[in-house]
Amino acid sequence: MVQKNEPTYLPGEGILVIYLAGGCFWGMEKLMRSIPGVIRTTAGYANGKTSVIPDYETVSSGRSGYRETVRVEYDPAKVSLDALLFAFFRVIDPTVENRQGNDHGTQYQTGIYFADEASKNTVMRIAEIERERHPAFKVEIGPLQSFYEAEEYHQRYLEKNPGGYCHIGRTAFEEANRMVVDPGRYPRPKPEKIAEMVDKTAFGVTQKGETEPAFQNAFWDHDEKGVYVDVVTGEPLFTSSDKYRSSCGWPAFSKSIDSNAIVSREDRSFGMKRIEVKSRAGNSHLGHVFSNDRESPTGTRFCINSAALRFIPYEEMEKEGYGYLKELL
């Protein structure tokens, strides 16, 4: 099927598409190409003035209305749109307009542009989760109006120019490439459903940021083999292999299953400066992460509330749909 808003583009059989504007398209193109399941990425210009046929010079003037955008074609059997969108939000600042990193101008406005109704529904759902994480939300969300491919020298620019400027750090590319858990398998339920499916303590912890008592919780001294998942969504977060007995009184883990599945932010509550950690797909409050922990094998301590977790024993992982993680234990 030829898309009316991109007459030169022919989607492949079984391949879906999304359009992401995340500041300079060099970095966003590389980030998306790093994710297994992405078939093709194309740097281009989206949703500008209909009277303008864009080129780099015109778009760089900041007066064309076009955004530096990446067309992302992906195989939904290998990676979900949820995963692509969460990866997008992981590397942008959604609270600012017309800039990312050191780049300023309307061409660097962030945006997500969809070309079909199913994609729209997913985009709206993920955007709502991301809005909750930030004091302001300036990302454009809407249908694709037009897309023009950028000049050839912009395609895979950072591959051709390894030392080229990029506002996205190298670690982000590496983490995206190592994605283990696809959040599309673990969508967040509606708020009213969450209240029905978890007990009062778990609701207070995950939805209100409360903390359960130390040494008086289910998993602080739990040693059984298996995985710990978000109690709200089921998204896998930690394994028993990375759990260690900590004097803090809460479950302690030296690392997560997948760094992409953990969202962190500064927490200055109670007169302290800490790093709060939340789950990616559910935005559930989990606890906090600390560095230079002498008890941790890695020096990192994820101090997590038991009430935010559900434990899946090793023997039940296959039946529960977590068999793909058994090799991690």
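I would like to begin with a group of aromatic residues, because the definition used here pairs two rings when their centres lie within 6.5 Å, and by such ring pairs Phe219, Tyr228, Phe238, Phe253, Phe302 and Phe311 are linked into a cluster. Please keep in mind throughout that what we have on the screen is a predicted model.

Let us look at two of the pairs. In general, two aromatic rings are described by how far apart their centres are and by the angle between their planes. For phenylalanine 219 and phenylalanine 311, the centres are 6.3 Å apart and the planes stand at 50°, so this pair is tilted. The pair links distant parts of the chain, since phenylalanine 219 sits in the loop between helix 8 (200-208) and strand 9 (226-230), whereas phenylalanine 311 belongs to strand 17 (residues 309-313), 92 residues apart. Are these two residues, phenylalanine 219 and phenylalanine 311, buried or exposed? Both of them are buried.

The second pair is made by tyrosine 228 and phenylalanine 253, and here the geometry is edge-to-face, with 5.2 Å from centre to centre and 70° between the planes. Tyrosine 228 lies in strand 9 and phenylalanine 253 in strand 12 (residues 252-253), so this pair ties together parts that are 25 residues apart in sequence. Tyrosine 228 and phenylalanine 253 are, again, both buried.

Now let me step back to the chain as a whole, which has 9 helices and 17 strands. Its radius of gyration is 21 Å, close to the 20 Å that the globule rule gives for 329 residues, so the chain is as compact as a globular protein of that length. Along its principal axes, the C-alpha trace spans about 65 × 45 × 40 Å. Of the contacts with a separation of 6 or more, 70% are between residues 24 or more positions apart.

Terms used: Residues are numbered from 1 along each chain as its sequence is written. This is a predicted model: local features need pLDDT of at least 70, side-chain atom pairs count only at pLDDT 80 or more; totals for chains, interfaces and linings use all residues. Side-chain values use heavy atoms; hydrogens and water are left out. Helices (H or I, at least four residues) and strands (E, at least two) are DSSP runs, numbered from the N terminus. The radius of gyration is taken over C-alpha atoms; the globule rule is 2.2 Å times the number of residues to the power 0.38. Contact means heavy atoms within 4.5 Å. Rings of Phe, Tyr and Trp (its six-membered ring) pair if their centres lie within 6.5 Å; planes under 30 degrees apart count as stacked, over 60 as edge-to-face and the rest as tilted. Buried means under 20% relative accessible area, exposed over 50%, partly exposed in between (1.4 Å probe, protein chains only).
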